[in-house]
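Welcome, and take your time with the view below. We will walk through it one piece after another, starting with its rings.

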Amino acid sequence: MALEKITMPQLGESVTEGTISQWLVAPGDHVNKYDALADVLTDKVTAEIPSSFTGTIKELIAEEDQTLDVGAVICILETDGDAESEPEASAPEEIATQEATTAKKAPAKQTATTGRFSPAVLTLAAEHGIDLGQVSGTGRDGRITRKDVLSYVENGAPVALKPATPTEVKTVSSERPNVPMPTSQVGDREVPIDGIRKAIAKHMVTSKHEIPHAWMMVEADATGLVRHRDALKNKFKAEEGYSLTYFAFFVKAVAQALKEFPILNSTWAGDKIIERADINISIAVATDSHLFVPVIKNADEKSIKGIAREISQLAAKARAGKLTQDDMSGGTFTVNSTGSFGSIQSMGIINHPQAAILQVESIVKRPVVIDDMIAIRHMVNLCLSIDHRILDGLVAGRFLSKVKENIETITKDNTPIY
């Protein structure tokens, strides 16, 4: 027999932590290799953690709703058979004692002069004018993490500081008033925040903290698109079994424009900008209580029919809670169909670490002037949010003009759906 530690896996390229939403096993349970041990939430996906061994669960280290860094131990498993290549394992009591002792040790303070900081920590500190010597780290060996800096910014106080003296309390209070959290009143209803909502909230806060947003909007005449789609939708649904939505046409129009303006399909990487070779469109899918952002891979290479099929499949998986890590990873640009809720204008928060997000608003009939004549046309607003570190108004405007052109030239004669 040997004792093995199961750790938090990395469930995505930019994922640094995960939250245990539900344990699927208990101490004493026997599991086979690849059996699911727990459901874990990140800001990108809900996934199951598989067992790396066959054996018996000895101890659950992490608790439900606890957030842990990638690589942190979540449980201990006693494997079946001998693990000759592994060092001799400690007895369960010894492991428990070691864990308890480790938990009691206060993390070493990482100072601004002696600490080694990641580029993300240094960038955040510089952007917000933070003295890292005032921030206590919660990472391994007291290392200051990005999360620690963000928490400092949000709360206006260091994370896990030592008990302050009265003088220190007075100084902090005079510089940063302690704003109390709102409390419920009689008749109010308190809604618990689940793991998915926490992950979404954290992702949005990260985007707003790190990305300087700028906005731009154009309107496009979608009359040809509406006529083309409406003429095909009933036959298409009967033959294919899923709907030919307006959104599929918009995704195709955006994917084509991204080929001409690849800088929109990029990521800020500190000392460089990375233009992504693949055009993978993230789409927002709402359930009754949550928002998921699955990805249509290589959208520029797909037909409108192929895009419509993927939209239907991803939406069904999201509402059934069956999205996988692969479904949610690799997005390079986001298109959000806010118009499905009747919205006519909105400003989206960029899906970090992408460079932009396009909100496609509701198609509405409006009187417009064409050749000095008033005509009733199907008009749609296209609202673009951009990372102003990567993009400026000139290139953003040209990109939107291209998307507008792609939409306005859709007709039954020049826009095949297969």
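**Rings that pair up**

The count of aromatic pairs comes to 4, where rings of Phe, Tyr and Trp (its six-membered ring) pair if their centres lie within 6.5 Å. Planes under 30 degrees apart count as stacked, over 60 as edge-to-face and the rest as tilted. One of the pairs joins Phe236 and Tyr418: the ring centres are 6.4 Å apart and the planes stand at 35°, so this pair is tilted. Phe236 lies in helix α6 and Tyr418 in the segment after α10 (393–408), so the pair ties together parts that are 182 residues apart in sequence.

Before going on, a word on where this comes from. This is a predicted model, in which local features need pLDDT of at least 70 and side-chain atom pairs count only at pLDDT 80 or more, while totals for chains, interfaces and linings use all residues. Residues are numbered from 1 along each chain as its sequence is written, and side-chain values use heavy atoms, with hydrogens and water left out.

Are Phe236 and Tyr418 buried or exposed? Here buried means under 20% relative accessible area, exposed over 50%, and partly exposed in between (1.4 Å probe, protein chains only). Phe236 counts as buried at 2% relative accessibility, whereas Tyr418, with a relative accessible area of 55%, is exposed. Together with Tyr242, these two residues form one aromatic cluster.

Another aromatic pair is made by Phe261 and Phe399, and it is edge-to-face, with 6.4 Å from centre to centre and 85° between the planes. This pair also links distant parts of the chain: Phe261 sits in the loop between α7 and β10 (266–268), Phe399 sits in helix α10, and the two are 138 residues apart. Phe261 is buried at 14% relative accessibility, and Phe399 is buried with a relative accessible area of 0%.

**Stepping back to the whole chain**

The secondary structure comes to 10 helices and 19 strands. Helices (H or I, at least four residues) and strands (E, at least two) are DSSP runs, numbered from the N terminus. Buried residues make up 39% of the 418 residues in the protein. Contact means heavy atoms within 4.5 Å, and of the contacts with a separation of 6 or more, 63% are between residues 24 or more positions apart.

**Helix against helix**

Two packed helices are described by the angle between their axes and the distance between the axes. The axes are lines fitted to C-alpha atoms, for helices over the stretch in contact, and the angles run from 0 to 180 degrees between N-to-C directions.

Look for helix α6 (residues 223–240) and helix α7 (residues 246–260): their axes come within 10 Å and cross at roughly 130°. That makes α6 oblique to α7; angles under 35 degrees count as roughly parallel, over 145 as roughly antiparallel, 65 to 115 as roughly perpendicular and the rest as oblique. Which residues of α6 and α7 make the contact? On the α6 side they are Leu225, Val226, His228, Arg229 and Asp230, and on the α7 side Tyr246, Phe249 and Phe250. These residues divide into 5 nonpolar, 1 polar and 2 charged. In this grouping Ala, Val, Leu, Ile, Met, Phe, Trp, Tyr, Cys and Pro count as nonpolar, Asp, Glu, Lys and Arg as charged, and the others, Gly among them, as polar.

Helix α7 also packs with helix α8 (residues 304–319), at an angle of about 120° and with the axes 9 Å apart. That makes α7 oblique to α8. Here Phe247, Ala248, Phe249, Val251 and Lys252 of α7 meet Ile304, Ile307, Ala308 and Ile311 of α8. The residues of this contact divide into 8 nonpolar, no polar and 1 charged.

Leu258 is also in helix α7, and with a relative accessible area of 1% it is buried. Leaving aside residues up to four places away in sequence, Leu258 touches Leu264, Asn265, Ile279, Ile281, Phe333 and Phe399.

**Details in the loops**

A cis peptide bond joins His352 and Pro353, with omega about 10°. Pro353 is in the loop between β16 (333–336) and β17 (356–360).

In the loop between β18 (364–370) and β19 (373–387) you will find Asp371. Phi of Asp371 is positive, near 55°, in a residue other than glycine, and Asp371 is exposed at 73% relative accessible area. Asp372 is in the loop between β18 and β19, and Asp372 has a positive phi of about 65° although it is not a glycine.
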